[in-house]
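Hi,

Here's the structure I promised to pass on.

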Amino acid sequence: MLYEKPDLLKLPRTDVMIATPWQAPIVWDGTYNLDILNELFHLRGARIGLSVFVIRKYKVFINDFLQSAEEFFMAGHKVHYYVFTDDVSGIPNITLKEGRNMEVVKISGYKRWQDITMRRMQLIRDYISQKLINEVDYLVCLDADLKFMDHIGVEILGDVFGVIHPGFFGESRTAFTHERRNYSAGYIPEDEGDFYYTGCFFGGTVEEVYKLTNFCHNAMMEDKAKNIEALWHDESYLNKYFLYHKPTKLLSPEYAWNDYYGSPVVVKRKRLVHVPKDYNAVRD
């Protein structure tokens with residue numbers, strides 16, 4: 001295939017950080033050649049899984065989530081959707097493209113939304129060891145109240161990746177809403193932390209996602225034994241994991257945007273956005 005020669009003296013972006021101090025790439029628009037990456041992942045025959053949890057009232061989001069994923073997520077690649085839900089009848093039967101399939105997994109519902117978000121770490125971990133390890137190479141974990149607005153492809157894939165939260169990418173460490181109680185398993189001191197990662201989107205190889213979800217679940221259980229919960233639940237434990245187990249790739253806020261934060265000039269494409277909603281109504 002033909003493509004423009006890379007220029008060592010010309011940076012793809014000069015307005016944003018494109019690599020971390022531990023040399024993990026930060027993916028922004030204009031920092032990669034998707035044609036090259038597609039060819040590499042096709043040669044590997046990469047099998048990609050996407051997990052999403054649709055519990056209680058969150059089923060109102062799943063049709064738009066799946067329809068937009070079919071349009072914009074991993075175009076041209078094999079994708080297996082894993083939809084975990086307490087209401088199988090509420091999952092739409094949509095037409096999938098060739099090489100893509102969907103499995104609906106029945107799980108129990110929970111009274112509190114906090115329990116739903118935290119329980120998913122255990123469920124993902126267990127499902128990886130029971131099934132996914134033999135079915136997919138990479139697993140992408142997403143919240144249901146998101147909608148794909150632009151293409152998201154194999155540029156996101158790596159050993160383990162996290163997404164920089166759109167509300168904190170220009171903030172100092174002291175502004176990060178980490179768990180600050182030193183007796184919590186999610187504790188991060190105020191003078192530590194690289195970035196603040198959103199809990200709505202993470203992934204990597206199934207082996208690495210297993211390690212991540214296992215850590216988060218065990219940390220939750222440790223806190224539960226003390227009758228406490230980290231400030232932002234699974235997101236707090238995820239940030240603790242990424243502090244001491246650095247992600248090998250970071251996705252810019254383009255990949256989990258919320259229009260509440262406006263339209264900064266550095267965010268050239270809003271690829272995945274949070275659907276506007278009344279949180280009290282959908283979490284009730």
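Below is what turned up, starting with the inside of the protein. Keep in mind that this is a predicted model.

**The cores**

In soluble globular proteins, nonpolar side chains tend to be buried together. Here, the largest nonpolar core has 41 residues. If you want a way in, look for Ile124, Leu139, Phe202 and Leu212, which have the most contacts inside that core. Two or more residues each come from β3 (78–85), α3 (113–130), β5 (138–143), β7 (160–164), β8 (197–205), α4 (206–225) and α5 (234–244). Which of these elements gives the most? That's α4, with 6 residues.

Setting aside residues up to four places away in sequence, Leu139 touches a whole list, including Leu50, Ile124, Ile128, Phe202, Val206 and Val209.

**Helix α2**

Next, find helix α2, which covers residues 62–72. Its buried residues are Ile62, Phe65, Leu66, Ser68, Ala69, Glu70 and Phe72. An α-helix has 3.6 residues a turn, so residues three or four places apart point the same way. What covers the buried residues of α2? The cover includes the strands β2 (47–54), β3, β4 (100–106), β5 and β6 (146–148). Just after α2, have a look at Met74, which takes a positive phi of about 50 degrees.

**The annotated position**

UniProt has an unreviewed entry that places the feature "active site" at Glu235. You'll find Glu235 in helix α5. Is Glu235 buried or exposed? It counts as buried because its relative accessible area is 14%, and the cut-off for buried is under 20%. Leaving aside neighbours within four places in sequence, Glu235 is in contact with His165, Tyr196, Tyr197, Thr198 and Gly199.

**Empty space**

Rolling a probe the size of a water molecule over the atoms shows where empty space is left. In this model the count comes to 1 cavity of 30 Å³ or more, and the largest cavity has a volume of about 30 Å³. Its lining is made up of His178, Ile188, Gly193, Asp194, Phe195, Tyr197, Asn239 and Leu243. By class, that lining has 4 nonpolar, 3 polar and 1 charged residues.

Cheers

Conventions:
Residues numbered from 1 in each chain as written. Predicted model: local features only at pLDDT ≥ 70, side-chain atom pairs only at ≥ 80, totals over all residues. Heavy atoms only, no water. Core = buried A, V, L, I, M, F, W, Y, C linked by side-chain atoms within 4.5 Å. Buried < 20%, exposed > 50% of the residue type's maximum accessible area, 1.4 Å probe, protein only. Helix = DSSP H or I, 4+ residues; strand = E, 2+ residues; numbered from the N terminus. Contact = heavy atoms within 4.5 Å. 1 Å grid on protein atoms, 1.4 Å probe; cavity = no way out; pocket = protein on both sides within 12 Å on 5 of 7 lines; lining within 4 Å. Points joined across faces, edges and corners; volume = space filled by probe spheres on them. Nonpolar A, V, L, I, M, F, W, Y, C, P; charged D, E, K, R; others polar. UniProt positions renumbered as here; feature names shortened; annotations may be inferred.
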